[in-house]
Amino acid sequence: MTTDVQIPGISSPVPTGVFIGGSWRDASSGATFDVLDPADETVLATVADGTTDDVTAAVDAAHAALPGFAATPPRQRGEMLRRAFEAMTARADEFALLMTRENGKATADAKAELTYAAEFFRWFAEEAVRIDGDYRVAPAGGTRTIVTRQPVGVCLLVTPWNFPAAMLTRKLGPAIAAGCTVVVKPAEDTPLTALLLAQVLAEAGVPDGVVNIVPTLNAKDVVATAMADPRLRKISFTGSTEVGKILLKQAADQVLVSSMELGGNAPFVVCDDADLDAAVDGAMLAKMRNGGEACTAANRFYVQSSVADAFAEKLAARMGAVQVGRGDDEGVGLGPLVNEETVAKVDRIVQATVEAGARVVTGGTRPSGPGFFYPPTVLVDVPAGSAAVVEETFGPVAPIATFSDDAEVLELANSTPFGLVAYVFTQDLARGLRLSEALEFGMVGVNRGVVSDPAAPFGGVKQSGLGREGAHEGLAEYLSTKYVSFPL
Ligand code: ADP
């Protein structure tokens, strides 16, 4: 049996069941799994371990709710989202605390995420009433065409653990605005934020069956079952490229509309004419926001040779000064990473890169004791092709290599199968524009260490994904175009 969990600092008990058709249930098997606090590895909550039967029941509920919800006046759907935005904002500190407890992130990161996450509900509340179509005249005359947009249908939303609120609201906001119904499979490390969000959405008036949530340890079978259900029309996934490829293959069987936000390997380029202090500020954001556990995190730094030593020294001083500890402790800038697998991977990448010839300037050693902690780490003299450059580290590690001219740095930056985001620091705007046009990435931050914004079309090229989230483009992913042709 699952019972709602009372977490100190959160005013109402957090649901721990499977949420289907507007009601909370145990998993059909009765099984549960534990959610750990990554700061001390104690059990934070015990959550229903949803089954393939549960996900089928969730698709039943979403399918039954679809016609009514698709026909809901857009203003009403927008108002649901606006009320959810207001509820999240009113409970911002509680949501932030919950994210810190299940994910580990520092309070400042959790609060920033909550603001960003809630903003997707506000943005799409405003977009719901602006879904439009048009009226066209055939070139030969006579025929008229009315172009209209309809909700795609039942969607499966699979989310990661690094931004438990924002990665979900970025999908839920447009889905609800468009009139789609959804089944959510949250990440197993961080299901609680999604479950609390489901409660907030129900209180905001989202009808039963529109949003269903199936937490599970058995992602593989639960997701595959939903993907094989002929009533499903769309998959929206945020996670690793490896899993994204599996899901794209499964999506092919039913030709599902597919949106994929996959891995990144972001280069952070510092030119010799950059304002170095601004570049270090940007680097701290691009690298240390969310402890480096972001697909947008700067993964490799390329600094023009003449300023490389100065940049490394300044960055190491700032990184070394970050206080590491429990995310909710006063003054802490870096909490634990989410789980053992993640911290072990970071440590392996650092050790392999050092063995390949890199030098540690700060950090570089995993502390002993409970909790999944890793210190802010700066590596210099990082060889091309080493683990820290090739793999997505997903942790607080800044590997620095040098370059001599723009052609060289473009070659280095683009030599990856990934293409999510790149960062460029230069005071020469034309140079910044030239570089950003030649960088093979879906997003480029010029003199900025963070690019995410609800009004910007977030997404990557190459193996970083398909489709865009946020902005008008994000809504279009949940709409299909139909036209009606008739003679006059
Ligand atoms: P990460 O490496 O960030 O944990 P994953 O791609 O493994 O990213 O996980 C992202 C989401 O995909 C999570 O909700 C996870 O449960 C889910 N997932 C993992 N493996 C599979 C799979 N084989 N099929 C479907 N979903 C999966």
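At 39% relative accessibility, N447 counts as partly exposed, a class that lies between buried, under 20% relative accessible area, and exposed, over 50%, as judged with a 1.4 Å probe and the protein chains only. N447 belongs to the loop between β19 and β20 (461–462), where strands (E, at least two residues) and helices (H or I, at least four) are DSSP runs numbered from the N terminus. The phi angle of N447 is near 60°, which is a positive value in a residue other than glycine. The structure is a predicted model, in which local features need pLDDT of at least 70 and side-chain atom pairs count only at pLDDT 80 or more, whereas totals for chains, interfaces and linings use all residues. Residues are numbered from 1 along each chain as its sequence is written, and side-chain values use heavy atoms, with hydrogens and water left out.

A positive phi is also found at V255, with a value near 50° in a residue that is not glycine. V255 is placed in the loop between α8 and β11 (257–261), and with a relative accessible area of 64% it is exposed. V444, in contrast, is part of strand β19 (residues 443–446), and its relative accessibility of 26% makes it partly exposed. Although V444 and F120 stand 324 residues apart along the chain, their C-alpha atoms are separated by 21 Å.

The ligand is surrounded by 16 residues, of which the closest are T159, W161, K185, E188 and S240; a residue is counted here if one of its heavy atoms lies within 4 Å of the ligand. By class, this shell holds 9 nonpolar, 4 polar and 3 charged residues, where Ala, Val, Leu, Ile, Met, Phe, Trp, Tyr, Cys and Pro count as nonpolar, Asp, Glu, Lys and Arg as charged, and the others, Gly among them, as polar.

An N or O atom in the side chain of E188 is 2.5 Å from a ligand oxygen, the corresponding distance for W161 is 3.0 Å, and a polar side-chain atom of S240 lies 2.6 Å from an oxygen atom of the ligand. Two or more residues of the shell come from each of α7 (219–228), β10 (232–238) and α8 (241–254), and α7 contributes the most, with 3 residues.

Methods:
Polar contact = N/O pair within 3.5 Å; in protein donor to acceptor, adjacent residues only side chain to side chain.
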